[in-house]
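This briefing is meant for a reader who is meeting the structure for the first time. Please look at the sequence and the model below, and then follow the points topic by topic.

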Amino acid sequence: MSDVTYDVIIIGAGPAGLGAALYTSRDRLKTLVLEKFQPGGQIINTDRIENYPGIEQIDGPGLIERMQKQGESFGAEIKTGCEVTNLEKLKDGSIAVYCDGDKFSARVVILAPGSGYRNLGIPGEEEFRGAGVSYCGTCDAPFFKGKQVVAVGGGNTAVEETLHLAKFADKVTMIHRRDEFRAAKVLVEELLKKVNEPNSNLIIKYSTVATAIKGEGKVQSVKLKNVKTGQEEDYPCSGVFIFIGMVPNTDFLKDFVELTDRGFIKCDCAYLRTNVPGVFVAGDCRIGAAMQLATAVADGVIAAMMLKQYFRDKKWWNEPVSDLLQPGGW
Amino acid sequence: MEEGKLINVGDADFESQVLKSDVPVLVDFWAPWCGPCHMAAPVLEKIAQQYKGRLKVCKLNVDEARRTAIDHGIMSIPTLNIFKGGEIVDQIIGVTPGYESDVKKKIEPHLQESAG
């Protein structure tokens, strides 16, 4: 077992983790980023990012590649294929991170494990996973050429992914439980424009939820319910794409930091301190996360700035959020 | 085969490499357009290395090896199928939060005790 010591260990190489790594490495802090897959996180699934200030348009993999290279150019070390299984606060105040037989330790840890797809939790969903049920439009749309699919959701990702599906499937029915979309207005406008085209292959059913997915061997229909009228129908389709938000990837942390009932990491939301001194949080996995690319990056940067205050004065960890904290004071 | 490395398979050599393999085979059905497929690559490389001699790990590009992908009813990628004696014995669809551990849990019951 190797045992290497760092100033900062960042868990997760998505936008939050890479944002933090850029700042800590520029501060010449010995920085290790542990990533269980390749760098990227959820943003890797987005083929068109238009809401990151200063960049008119880029795809997720392209942006992540830049972020990774930028961090590495200042000395951040990124280890991929490294799944953290356990963390431990040591007697000297440092934190040990265990990852597949290796032990790394650091003065500070930034938790940025991100989030994964939320399930609907309806009958048939698990059974037909890979047999018509999917959570990734960019991955699986090409398998539904010439077929009818249903897309569930109403946020930014749901709208983007539904528009992508409409390029492949014969017919796409988007169902949304409310009568109005939460997604950014420009995306909603694009969606409605597509819906209103002559002979459009895209239709929207508002105030509608899916209550069951049915079929034999593969998806053949989805049971829909109008939440206003209570009316139900069996709606024929070959695919059900589920885009209803994210759940935090924090299962491995439940014995280490305080989580909410839904698995989000508790923190002060200003300095991003968790209940464990020396352990910060950044990105989608924290309470109050806006689940956006720009806010994930911002979180990483905040944690990277605030950890200097902790290095300076360990007692700061338990102090309330204050307006006296000035960069000059660091 | 080169032990411990990922092997690319297609329609032509699927039978010889996978169905007629002496050791169990983990086949990754993937495509270049699929973000999670790329993300999972380091995990598969690591598994190929750790189980070398006892497990073969293959990658199948569904865009190129369409016939095999259709024959196996692939509708979501990445899909990992575990083959033993030419039969599918288990499957993992998508990347799960604990992917590496989840994949290992599915593989291990199908492996012979190490000869070494």
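In this predicted model, 72% of the contacts in chain B between residues at least 6 apart in sequence join residues that are at least 24 apart. For chain A, residues 24 or more positions apart account for 61% of the contacts with a separation of 6 or more. The points below take up chain B, then chain A, and then the contact between them.

**Chain B**

- The secondary structure of chain B consists of four helices and five strands, and these follow one another along the sequence in the pattern β-α-β-α-β-α-β-β-α.
- Chain B is as compact as a globular protein of its length, because its radius of gyration of 13 Å is close to the 13 Å that the globule rule gives for 116 residues.
- The C-alpha trace of chain B spans about 40 × 30 × 25 Å along its principal axes, and 45% of the 116 residues of the chain count as buried.

**Chain A as a whole**

- Chain A contains six helices and 17 strands, and its C-alpha trace spans about 65 × 40 × 35 Å along the principal axes.
- A compact globule of 330 residues would have a radius of gyration near 20 Å, and the 22 Å of chain A agrees with this.
- Of the 330 residues in chain A, 47% are buried.
- Chain A is divided into domain 1, which is made of residues 3-116 + 246-329, and domain 2, which covers residues 119-242; the C-alpha centres of these two domains lie 34 Å apart.

**Helices α4 and α5 of chain A**

- Helix α4 (residues 156-165) and helix α5 (residues 185-195) of chain A pack at an angle of about 35°, with 10 Å between their axes, and α4(A) passes α5(A) in a left-handed crossing.
- On the side of α4(A), the contact is made by Asn156(A), Val159(A), Glu160(A), Thr162(A) and Leu163(A), while α5(A) contributes Leu187(A), Val188(A), Glu190(A), Leu191(A) and Lys194(A).
- Sorted by class, the residues in this contact of α4(A) with α5(A) are five nonpolar, two polar and three charged.
- Helix α4(A) is mostly covered, with nine of its 10 residues buried, including Thr157(A), Ala158(A), Glu161(A) and Leu165(A).
- The cover over the buried residues of α4(A) includes α3, β9 (148-152), β10 (171-175), α5 and β15 (239-242) of chain A.

**Ala106 of chain A**

- Ala106(A) is found in strand β6 (residues 102-111) of chain A, and this residue counts as buried because 23 other C-beta atoms lie within 10 Å, where the cut-off is 20 or more.
- Leaving aside residues up to four places away in sequence, Ala106(A) touches Thr5(A), Tyr6(A), Asp7(A), Val8(A), Ile9(A), Ser94(A) and Ile95(A).
- Although Ala106(A) and Lys30(A) are 76 residues apart in sequence, their C-alpha atoms are 9.1 Å apart in space.

**The contact between chains A and B**

- Chain A and chain B each bring 25 residues to the contact.
- On the side of chain A that touches chain B, α2 (60-73) and α3 (137-140) each supply at least two residues, and the largest share, three residues, comes from α3(A).
- The residues of chain A on this side divide into eight nonpolar, 12 polar and five charged.

Notes:
Residues numbered from 1 in each chain as written. Chains lettered and ligands numbered in written order. Predicted model: local features only at pLDDT ≥ 70, side-chain atom pairs only at ≥ 80, totals over all residues. Rg over C-alpha atoms; globule rule 2.2 N^0.38 Å. Buried ≥ 20, exposed ≤ 12 C-beta atoms within 10 Å, placed from the backbone. Contact = placed C-beta atoms within 7 Å. Axes fitted to C-alpha atoms, helices over the stretch in contact; angles between N-to-C directions. Left-handed = near helix turned anticlockwise from the far one by under 90°. Nonpolar A, V, L, I, M, F, W, Y, C, P; charged D, E, K, R; others polar. Domains from an automatic or database assignment.
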